[in-house]
Amino acid sequence: MSNARLPTRALLAALLLLAALFPLAAPNGYYIYVMSLAFIMAISATGLNLILGYTGQLNLAHAGFMAVGAYTVGILTVDHGVPFWIAFALSGVSAAVLGFFAGLVSLRLKTHYFVIFTLCVGFILYLVIEKFEGLTHGTVGVIGIPAPPAIGPVSFETPVAQYYLVLAFLCLALWVMHRIVRSLLGRAFVAIRNSEDLAEALGVNLMRTKLLAFVLSTVYAGLAGGLYAGFVRFLGPSIALESNTFDLVTYILVGGIGTLFGPVLGALVLTWVTQSLQFLQDFRMIVFGPMLILLVMFFPQGLIGFVQERRAKRNTREKAAPAHREARANA
Amino acid sequence: MLEIRNLTKTFGGLAAVRDVSTRFEKGRISAIIGPNGAGKSTFFNLIAGLHRPTSGQILFEGADVTGLRPDQMAVRGVARSFQTTHLFDKASVLDNLIVGHRLRTKSTFWDVLLNTRRLRDEERACRAKAEEVLDFVGLSSVADRLAGEISQEERKRAAFALALATDPKILLLDEPAGGVNPEETAGLAALIRKMAAGGLTVCLIEHKMDMIMSLADTIVVLDHGEMIAEGPPSSVQSNPRVIEAYLGADYVAA
Ligand SMILES: Nc1ncnc2c1ncn2[C@@H]1O[C@H](COP(=O)(O)OP(=O)(O)O)[C@@H](O)[C@H]1O
Ligand SMILES: [Mg+2]
């Protein structure tokens with residue numbers, strides 16, 4: 001275990017260093033902007049991965065909860081003069097409260113019934129945002145959201161500072177997720193994904209455990225939305241659309257479903273692939289589509305899933321070999 | 001320790017289990033037999049809380065547990081294995097078992113977030129329990145193998161270990177020897193005997209008659225949801241209703 005973890009540690013430190021140096025190497029501000037946005041999406045995808053990848057429930061309303069968080073920041077800061085950081089904290093709370101009630105109803109359903117129900121929940125969130133003009137400004141959107149103000153001596157005026165802010169939140173999000181999925185609680189989530197009947201027979205309270213995973217994932221969505229609002233500083237109803245959830249699902253599938261870093265890798269890879277195909281304009285789907293299909297065919301577990309599976313096989317073989325020899329010697 | 005009173009379950013008019021009354025004593029091995037579709041799995045599902053009985057009562061250690069959920073039954077000490085063994089193939093055998101002891105732990109999400117001492121102690125306890133039950137079922141040598149790579153018989157043993165990790169008082173095994181060869185069946189029977197010797201009450205559904213006859217202290221025979229016989233193997237074996245319904249003429253001849 002320890003010698004398998006060491007290179008991972010070193011790799012993580014190297015990746016963090018790369019991320020920290022990225023703004024220095026970026027040819028212009030646009031690159032920093034795109035990367036920051038990819039990080040925000042990665043936070044949201046990390047949350048979706050908890051309910052989809054670890055617990056096995058596809059929640060198609062995830063973008064809707066991200067919109068709830070974003071609009072919480074937008075409405076509170078612009079219309080009510082609430083300080084940004086308070087509004088930001090509330091973006092996680094409002095998504096969690098809505099997530100709790102949506103989860104309480106939708107998690108009574110299983111398999112595709114659950115998926116269809118959450119698709120409806122997402123669409124209702126979209127409609128509410130679009131039609132409830134008094135609260136949300138409807139199709140006009142929320143304009144002029146303030147940038148995150150300084151925390152002590154650290155200000156977030158420049159795009160580079162905002163990049164580091166978003167990066168810090170991404171690291172925090174991953175660290176908390178690491179805690180969750182490695183714990184007994186995370187094992188209960190995975191047990192549900194593996195077989196609901198078996199998990200229940202092992203004493204896992206299905207409703208309570210699934211609801212917890214659901215609410216936690218919406219907290220991630222809400223906070224990612226809150227960051228998005230402070231970063232893009234303009235909001236329209238379209239961020240609640242289910243097509244955004246599908247993008248997040250694609251990130252997860254490409255990077256590795258049910259792995260800690262899969263959603264991040266997927267978000268980064270696909271963001272930059274999409275960017276580099278911009279020159280093809282409307283034809284880029286002709287390139288992008290087959291690329292995705294090939295990836296899913298040859299790496300059904302995603303990029304990180306593929307690497308992990310190979311490593312797990314190698315590890316268990318190394319460890320199993322001496323144990324087997326011992327067993328045979330004893331026999 | 002487990003008493004069943006007039007248990008009935010109907011699925012849309014069809015009685016899968018009809019007015020069954022029996023009791024299972026501590027430390028004994030009981031077998032449920034009967035032809036396919038007799039209601040054996042449904043009977044287990046009722047006891048384990050997966051189905052709610054249409055009528056009747058289930059008493060466990062004197063308390064009425066009728067209508068409790070499966071997770072509540074598990075906490076009270078009713079463990080079960082399923083007809084098909086669900087293990088997560090991409091994790092190690094040991095990893096698959098750690099969650100089995102979670103129901104005996106108390107840490108919550110806040111312990112996880114703060115990485116409290118309680119959580120770390122409980123995680124260590126769950127791992128120790130997994131190692132202990134793996135050793136008990138004789139799988140220590142494959143603890144680090146991926147669950148997808150072990151043999152069918154080893155999967156059956158792993159399923160026992162998972163049930164044992166919950167610290168049960170009674171174990172319900174649905175066709176524990178399905179799909180394994182006669183030699184391995186004997187090994188599994190020995191393991192079941194070892195579990196009962198440790199004070200565990202065991203209740204199993206099985207088609208392999210020679211295994212049942214040598215293993216079970218009592219046999220309950222179901223046919224079309226009804227209990228048609230109950231008693232020690234010798235009396236059940238010679239019961240004319242049982243021979244007619246299930247064992248068949250060849251069995252008597254054999
Ligand atoms: N969930 C269910 N819904 C409807 N019918 C069921 C269900 N489970 C079992 N049955 C029916 O109950 C009867 C008994 O099934 P089962 O308990 O699986 O039998 P056995 O395990 O003895 O082969 C069968 O006729 C089966 O079709
Ligand atoms: Mg059956």
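Which residues does A:Leu50 touch, not counting residues up to four places away in sequence?

Guide: Happy to, and please keep in mind that this is a predicted model. Leaving aside residues up to four places away in sequence, A:Leu50 touches A:Thr55, A:Met177, A:Ile180, A:Val181, A:Phe189, A:Ala213, A:Leu216 and A:Ser217.

The largest nonpolar core has 82 residues, and A:Leu50 is one of the members that touch the most other members. A:Phe39, A:Ile40, A:Phe65, A:Tyr163, A:Ile180 and A:Leu235 are also in that group, and A:Ile180 is one of the residues that A:Leu50 touches. Helix α2 of chain A, residues 29-54, gives the most to this core, with 13 residues. Apart from this core lies another one, of 64 residues, which includes A:Val204 as well as B:Val93, B:Ile98 and B:Leu134. As a general point, nonpolar side chains in soluble globular proteins tend to be buried together.

Now for the chain around A:Leu50. Chain A has 14 helices and two strands, and 48% of its 331 residues are buried. Of the contacts in chain A between residues at least 6 apart in sequence, 76% join residues at least 24 apart. The radius of gyration of chain A is 21 Å, which agrees with a compact globule, because 331 residues in such a form would give a value near 20 Å. Along the principal axes, the C-alpha atoms of chain A fill a box of roughly 80 × 50 × 45 Å. Chain A exposes about 15800 Å², with 70% of that supplied by carbon and sulfur atoms. As for charge, the mean positions of its 21 positive and 13 negative charges lie 15 Å apart.

Chain B exposes about 10800 Å², of which carbon and sulfur atoms supply 49%. The mean positions of the 30 positive and 32 negative charges of chain B are 6 Å apart.

B:Ala165 counts as buried because its relative accessibility is 0%, and the cut-off is under 20%. Beyond residues up to four places away in sequence, B:Ala165 touches B:Leu97, B:Gly100, B:His101, B:Lys129 and B:Val133. B:Val99 is 66 residues from B:Ala165 in sequence, while their C-alpha atoms are 8.4 Å apart in space.

Terms used
Residues numbered from 1 in each chain as written. Chains lettered and ligands numbered in written order. Heavy atoms only, no water. Helix = DSSP H or I, 4+ residues; strand = E, 2+ residues; numbered from the N terminus. Rg over C-alpha atoms; globule rule 2.2 N^0.38 Å. Buried < 20%, exposed > 50% of the residue type's maximum accessible area, 1.4 Å probe, protein only. Contact = heavy atoms within 4.5 Å. Areas by Shrake-Rupley, 256 points an atom, 1.4 Å probe, with all protein chains shown as cover. Lys, Arg positive; Asp, Glu negative; His and termini not counted. Charge placed at Lys NZ, Arg CZ, Asp CG, Glu CD. Core = buried A, V, L, I, M, F, W, Y, C linked by side-chain atoms within 4.5 Å.
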